[in-house]
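Please look at the model shown here and follow the paragraphs below, which begin at the ligand and then move to the sheet and the helices.

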Amino acid sequence: MASLRTEIGALALEKPGMVASGIMDETGPSMIRMIKEGAGAAVSKSIGCEPNEGHKNPCFSEVCGGLVNAMGLPNPGIELFEEEMRTASAHGKIIGSVYGAKPDEFAFLAGKMEDFGACAVELNLSCPHAKGYGMEIGTDPAIVKSIVSAVKSSVSIPVWAKLTPNTHILADIGRAVQDAGGDAVVAINTLKAMIISPEFARPVLSNKFGGLSGKAIKPVGVRAVYDLKSVLDIPIVGVGGIYGWRDAAEYIMAGASAFQVGSAVLSEGTGVFGKINEGLERFMDEYGYGSVKSMAGAAHE
Ligand SMILES: Cc1cc2nc3c(=O)[nH]c(=O)nc-3n(C[C@H](O)[C@H](O)[C@H](O)COP(=O)(O)O)c2cc1C
C-alpha cells in the first residue's frame, strides 16, 4: 500500500497536501478543520507587523478558469494572531506565513511565529497586489537573499520562501533562497491580472490589479516547479490550480515534495483533501509508486 507520508527537508507530514495561505486559515479552528478534513498541514494567512484592513471592495471576482483577488493582505497583525496560532498548532502542523517590507520585519515576524508554535515559516515574497511588499521585493535576488538570511539567523524552524511566477528570473530567485540557507521554496503565488468592465470602462477591482488563481494557472505552476527542480537541491512545494489527484500528481512529478490547495477549497469545499488523498493513493498503488519521494521529479527522468 502506497504511503502518502512526505518530507520537506526536516519537516515530515503524514499527508502531502496543505491548505494554501489565505484560504480558510484566519482562525485557529478553521486551520484545525482543514487538517481534520485530510490536509497534512495548514499554512496561515500572511501576517504582518501591524493590523491591515486590506483593499476596499470589490476585491474579488470569478473569471473563466479561476478567480482574481486583490485582498491586499488583510490581517489582524502578529500580536492579535497569537491565540489563533497557539490554538491551531496544539492540534496539528501549522506553517506561519508572514509578509514585510524589510529583512528585520520578516525576522521579527518569523520569530513570533516560532514562539506561537509554527512548525515552519513561509515568507510571502510574492503577493502581486500589495504595494511595497510581495513581488516587488520577491523579484530581486539580492533582496530575497538578505530576507532569507535574516530570517534563518533568527529562527530554528524551517524557512520556506513563497515565489512569484511574475518574473523571468525565477531560477535566480530560487537560487538566492537556496544560497541564503532557505529550507524550501513554494511555487507559485498568483499571476498578476486585471478584469475590466466594458459597461463602466474601468477595472473591476478597486486596486485595479489582482492575482489570478485556480484551474487556469496550473500549467504555469507545474512549469515553475519543473524549472526550479532543474536548478535547486532544496525541496519544492507546489501550488496553483490543484483541484484533484491528477493535478497533485503533476506537481509531484514536476519535482514537488508536497503541495498546497487554495481556490479549490473555496469552490469544491473542504472535502477536496479527502478526495485528493484517496485518488493519489489509488494511482500510486496502481502505478507502483510506494512513496511520494519515489514519484517526486519522475517527469525529469
Ligand atoms: C482569496 C485569496 C487570498 C490569498 N491570500 C494569500 C496570502 O495571504 N498569502 C499568500 O502567500 N498567498 C495568498 N494567496 C495565494 C494562494 O496561497 C495560492 O498561492 C494561489 O491562490 C494559487 O493556488 P490556487 O490556484 O490553489 O488558489 C491567496 C489566494 C486567494 C485566492
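**Around the ligand**

Of the 25 residues around the ligand, those that come nearest are Ala20, Gly22, Ser213, Gly262 and Ser263, where a residue is near a molecule if its C-beta atom, placed from the backbone, lies within 6 Å of it. The shell around the ligand holds 9 nonpolar, 14 polar and 2 charged residues, with Ala, Val, Leu, Ile, Met, Phe, Trp, Tyr, Cys and Pro counted as nonpolar, Asp, Glu, Lys and Arg as charged, and the others, Gly among them, as polar.

This is a predicted model, in which local features need pLDDT of at least 70 and side-chain atom pairs count only at pLDDT 80 or more, while totals for chains, interfaces and linings use all residues. Residues are numbered from 1 along each chain as its sequence is written.

Strands of a sheet pair through backbone hydrogen bonds, either parallel or antiparallel. Here 8 strands form a closed barrel with parallel pairing, in the order S3-S4-S7-S8-S9-S10-S15-S16, and neighbouring strands of this sheet are turned by 25 degrees against each other on average, direction ignored. Strand S3 (residues 17-19) pairs with strand S16 (residues 258-261) in the parallel sense over 3 bridges, two strands being paired if DSSP finds at least two bridges between them. Met18 has Gln260 in S16 as its bridge partner.

Helix H5 packs on the sheet, where H5 touches strand S8 (120-124) and strand S9 (159-163), and its direction makes about 155 degrees with that of S9. Axes are lines fitted to C-alpha atoms, for helices over the stretch in contact, and angles run from 0 to 180 degrees between N-to-C directions. The axes of H5 (residues 141-152) and helix H6 (residues 170-179) come within 8 Å and cross at roughly 25 degrees. H5 and H6 are therefore roughly parallel to each other, since angles under 35 degrees count as roughly parallel, over 145 as roughly antiparallel, 65 to 115 as roughly perpendicular and the rest as oblique. In H5, Pro141, Val144, Lys145 and Val148 meet Asp172, Ile173, Ala176, Val177 and Asp179 in H6, contact meaning that the C-beta atoms of two residues, placed from the backbone, lie within 7 Å. This contact has 6 nonpolar, no polar and 3 charged residues.

Methods. Helix = DSSP H or I, 4+ residues; strand = E, 2+ residues; numbered from the N terminus.
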